[in-house]
Amino acid sequence: MAGIKTLGQFIIEKQLDFPYAKGELSRLLRDIGIASKIVNREVNKAGLVDILGDAGSVNIQGEEQKKLDMYANEQFISALTSGGECCIVATEEEDEFVPIDSPVSKNAKYIVCIDPLDGSSNIDVNVAVGTIFSIYRRKSVDGDATLADVLQKGTDQVAAGYVIYGSSTMLVYTTGKGVNGFTLDPSIGEFCLSHPNMKIPDDGIIYSINEGNYVHFPDGVKKYLKYAQVEDLATKRPYTSRYIGSMVADIHRNLIKGGIYIYPTTAASPNGKLRLLYECNPMAFIIEQAGGVASDGFNRILDIVPTELHQRTSVFIGSPKMVKMAEDMMAEFSAES
Ligand code: P6P
């Protein structure tokens, strides 16, 4: 059996894919991996905190108890600060982007956009949650990095990945040369290569969407759902509905089994709910690198030019045949409208 290959070994090995690399991106990915292991430890014992008697807002160490998503946010910012390879972080947990406060980082090459703990409302019910990250090269050449360095198109990403804290903890990432998945082996505290060269099936029978919003869905989405539910054994319909309420978990399952995840416009989210910079762009980069498709129903997610840090977008992402079918139905109605 081939030996264990850790995330660190893999990153260094793949650094050879980039002849001019000097190791900064490798160290940045390593820093994110380290923070993920720290977050994993806290996520895995989240339910225990109360049992351990951490009543109220103070835990047994006498530290103020933080909500897990704020804790995760702090861990990633701390790891990126000590790593020194990132100059600013855009995070779901902060209204503005966060300049990394260290002399080394001011001139660092990379920008990180991150959702430290997506789906964190699922923690209390022990459902998988995730971290989603996106890495850009800063565009400005001197002085402090600015918002313009963050508001880059998804096609400009240097790397993107997610961590899923589920039945096992996995880190999945791409640097534009395919997608690889690493499973955390707690006995050695290392992410180990478990899913090399991940590819999403071209077609699938799983659709992921919150059908509670059906009444306000665009007509093209309503038509797609009816298509998915009609019996037609030749095309393996009706499809199966699987919606966890945690984007990372839904998309990870669809990446492995095939499927489509849709979060369209709804009454509560007229521009879509999911964030472009640190949810849709990184997931779109990964899924495209795995052979899939990601759009807002009409346009490629990675081509959207960001204008605001926390802007939202509709998202249709997954197996090419399924996404294209949904896009065709969206186009039918937009042409008529
Ligand atoms: P709804 C979690 O809050 C999240 O950002 C995604 O992870 C998830 O897919 C979606 O929102 C769930 O949203 O409106 O269906 O509860």
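**Helix 7**

I began with helix 7, residues 247-257, in this predicted model. I counted nine of its eleven residues as buried, so the helix is largely enclosed by the rest of the structure. I listed the buried ones as Met 247, Val 248, Ala 249, Asp 250, Ile 251, His 252, Arg 253, Asn 254 and Leu 255. Just after helix 7 I looked up Gly 258, which takes a positive phi of about 95°.

**Helix 1 against helix 2**

Next I took the pair formed by helix 1 (residues 7-14) and helix 2 (residues 24-44). Two packed helices are described by the angle between their axes and the distance between the axes. Here the axes come within 10 Å and cross at roughly 165°. Angles over 145 degrees count as roughly antiparallel, and helix 1 and helix 2 are therefore roughly antiparallel to each other. I noted the crossing of helix 1 and helix 2 as right-handed.

Which residues of helix 1 meet helix 2? I found Leu 7, Ile 11 and Ile 12 on the helix 1 side, with Ser 26, Leu 29, Arg 30 and Gly 33 on the helix 2 side. I sorted the residues of this contact into four nonpolar, two polar and one charged.

I then followed Ile 11, which sits in helix 1. Ile 11 counts as buried, because its relative accessibility is 5% and the cut-off for buried is under 20%. Leaving aside neighbours within four places in sequence, I have Ile 11 in contact with Ser 26, Leu 29, Arg 30 and Tyr 173. I also checked Ile 11 against Leu 25: the two are 14 residues apart in sequence, and their C-alpha atoms are 8.9 Å apart in space.

An unreviewed UniProt entry places a "binding site" feature at Glu 92, Asp 115 and Leu 117. They are spread over 26 residues of sequence but cluster in space, with a largest C-alpha distance of 8.9 Å.

I located Glu 92 in the loop between strand 1 (86-91) and strand 2 (98-99). Asp 115 is in strand 3.

Glu 92 is in contact with Ile 114, Asp 115, Pro 116, Arg 275, Tyr 278, Glu 279 and His 310. Asp 115 is in contact with Glu 92, Gly 130, Thr 131, Ile 132, Tyr 278 and Glu 279.

Gly 119 is buried, with a relative accessible area of 18%, while Ser 121 is exposed at 61%. Not counting residues up to four places away in sequence, Gly 119 touches Val 129, Gly 245 and Ser 246.

**Backbone exceptions**

Most residues other than glycine have a negative phi, and most peptide bonds are trans. I noted these exceptions.

- Asn 126 has a positive phi, near 60°. Asn 126 lies in the loop between strand 3 and strand 4 and counts as exposed at 74% relative accessibility.
- Asn 197 has a positive phi, near 50°. I placed Asn 197 in the loop between strand 8 (190-195) and strand 9 (206-208); at 48% relative accessibility it counts as partly exposed.
- Arg 237 and Pro 238 are joined by a cis peptide bond, with omega about 5°. Pro 238 is in the loop between helix 6 (219-229) and strand 10 (240-241).

**C-terminal domain annotation**

Last, I took the span 200-330, where UniProt (unreviewed entry) places the feature "domain: Fructose-1-6-bisphosphatase class 1 C-terminal". I have its end C-alpha atoms 23 Å apart, and the span is 36% helix and 15% strand.

Methods:
Residues are numbered from 1 along each chain as its sequence is written. This is a predicted model: local features need pLDDT of at least 70, side-chain atom pairs count only at pLDDT 80 or more; totals for chains, interfaces and linings use all residues. Side-chain values use heavy atoms; hydrogens and water are left out. UniProt positions are given in the numbering used here, feature names are shortened, and annotations may be inferred rather than shown by experiment. Helices (H or I, at least four residues) and strands (E, at least two) are DSSP runs, numbered from the N terminus. Axes are lines fitted to C-alpha atoms, for helices over the stretch in contact, and angles run from 0 to 180 degrees between N-to-C directions. Angles under 35 degrees count as roughly parallel, over 145 as roughly antiparallel, 65 to 115 as roughly perpendicular and the rest as oblique. A crossing is left-handed if the near helix is turned anticlockwise from the far one by less than a right angle, and right-handed if clockwise. Contact means heavy atoms within 4.5 Å. Ala, Val, Leu, Ile, Met, Phe, Trp, Tyr, Cys and Pro count as nonpolar, Asp, Glu, Lys and Arg as charged, and the others, Gly among them, as polar. Buried means under 20% relative accessible area, exposed over 50%, partly exposed in between (1.4 Å probe, protein chains only).
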